[in-house]
Amino acid sequence: MGTALIFLGLLVFSAHLFSMIFSKKKIPDVLLLLLIGVLIGPVLGLVTPEDFGSVGSVFTSVTLVVILFEGGTGISISDLKESWRSTIKLTASSFLSAAVIVSVICNVFGMDLLNSIITGSILAGTSSAVVIPLAQHLKLSNQTKTSLILESALTDVLCIVFAFAFMDAKLMGNGLNVGKVAGNVLSSFVLAILIGFVGAIVWASLLQKIRQLRNSMFLTPAYLFIIYGVAEVLGYSGAIASLAFGITIANMEYFNFKFLEKYQKNKNLKLNDNEKAFIGEIGFVLKTFFFVYVGLSIPFSDFHSIMIGAIITLALFFVRMIVAKFFSPSSANSFDKSAISVMIPKGLAAAVLASVPEQLGLSGGESIKYITFSVVLFSILLCSILILLIERYPRFAVAMQFFFRQKSSRSKKSPTQSPNPSDKTASQAAKTSKELDNTAEEADETPEKTDIM
């Protein structure tokens, strides 16, 4: 027990060190935490997922809830109004293209058609637990950042709904009920948003009195867990409810209802700085243990599945580049599109869904699980490495941004027109993109002067 506690303490200290390294050297902390999990799990065999029992699944759910809530509190309604169209466009194109390419690859390698489609549905989303921390660290415009956060939450739900729909179709053997799937998707989104919204309105009205209680700091996360649980018990998406709860409570100035005026008048309805910092600390610790847990959960016993997983990961990246080029938010510059193109990590939803086919007794369920776990590992590794390259190495960033450069928009721009960025973040991103473009031009003229030290 003493050794375990020493390891946990060192892991938390290491996580803070990794976060500092991410800020200074642009080496993603997610990658380092994942490698620690691989080292203590599959490589050295010190810990296995079975050692955690049922606590492991509860822990992953809690991590997802807190990260989504924290991400939601960073989204403003004004940004949401600007981003919802681009979010739907990005989410739909990314989900469909990823599902199709994964299904085709699995089918080519001998998996039957329905199992291939199930695998495609499981791996079509992006991981909120990976995307949100990375998006918050990168110098992206608000619209791009909001679209990435919302996409990661929405695709989690789409993966769950479609994967279970195809699994039910295989179990029943009577084909896919398209109307049922569409109804499940609609109800899961709309009613989950309603639960999160109503829960946030109620909690904001009570927040002033709650603060008068002793040791009340943890009550907001506790209430968040209840909101998530209620949504899940009712058969809706707890993830979307958590995200809606965070967005609503961070934008209470937009929701002034007359029947609640006596509860809300002259009161601080938002989370204060101490509460935000506390939830941020919880999210940081949970994220630390989550990625170590993911790393030690990766199986390396099936080389065939590992090979397929590596091929799928590379295919997902190339497809994502096309999606980023043509379906990114309208305000996204070449740097934003480069960041969008590498956001292919798979996480909690994929890891949880991977074991379901085998648990249901579907033929080929074990192969689905091993391929999915391999893609989870390789996609997080690839995403982390590409983020590192984009942030630290101008040559690679220039190569990426050359693919996303829009020459037509430059030719139409008036030479006397001054830039008018929507915010400081967008201005910094545009500046970074412009500097890298200049680096590319200099490299063409004097390549010997642009060698990276």
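**Close-up views of the predicted model**

**Figure 1. Confidence along the protein.** In this predicted model, mean confidence is highest in helix H13 (residues 303–327), at 93, and lowest in helix H19 (residues 407–412), at 46. The pLDDT lies below 50 over residues 408–430, a stretch that has 19 contacts in the model beyond near neighbours in sequence. Residues 439–453 also have pLDDT below 50, and for this stretch the model has 14 contacts beyond near neighbours in sequence. For the protein, the mean pLDDT is 80, with 84% of residues at 70 or more.

**Figure 2. Helix H4 and its kink.** H4 spans residues 77–108, 32 residues in total. From first C-alpha to last, H4 reaches 45 Å, close to the 46 Å expected at 1.5 Å a residue. A kink of about 50° is centred on Ser 83. After the helix comes Gly 110, which has a positive phi, near 100°.

**Figure 3. Packing of H4 against H13.** Two packed helices are described by the angle between their axes and the distance between the axes. For H4 and H13, the axes come within 9 Å and the crossing angle is roughly 150°. The cut-off for roughly antiparallel is over 145 degrees, so H4 and H13 are roughly antiparallel to each other. Their crossing is right-handed. On the H4 side, the residues that meet H13 are Ser 86, Lys 89, Leu 90, Ser 93, Ser 94, Ser 97, Ala 98, Ile 101, Val 102, Ile 105 and Cys 106. Their partners in H13 are Ile 311, Ile 312, Ala 315, Leu 316, Val 319, Arg 320, Val 323 and Phe 327. An α-helix has 3.6 residues a turn, so residues three or four places apart point the same way.

**Figure 4. Crossing of H1 and H12.** The axes of helix H1 (residues 2–25) and helix H12 (residues 273–296) cross at roughly 105° and come within 10 Å. H1 is therefore roughly perpendicular to H12. H1 contributes Leu 8, Leu 11, Val 12, Ala 15, His 16 and Ser 19 to the contact. In H12, these residues meet Glu 281, Phe 284, Thr 288, Phe 289 and Val 292.

Figure 5. Leu 382 belongs to helix H17, which runs over residues 365–392. Leaving out residues up to four places away in sequence, Leu 382 touches Thr 313, Phe 317 and Ile 344.

Notes
Residues numbered from 1 in each chain as written. Predicted model: local features only at pLDDT ≥ 70, side-chain atom pairs only at ≥ 80, totals over all residues. Heavy atoms only, no water. pLDDT = per-residue confidence, 0-100. Helix = DSSP H or I, 4+ residues; strand = E, 2+ residues; numbered from the N terminus. Contact = heavy atoms within 4.5 Å. Expected span 1.5 Å × (residues − 1). Bend = angle between axes of the 7 residues up to and from the residue. Axes fitted to C-alpha atoms, helices over the stretch in contact; angles between N-to-C directions. Parallel < 35°, antiparallel > 145°, perpendicular 65-115°, else oblique. Left-handed = near helix turned anticlockwise from the far one by under 90°.
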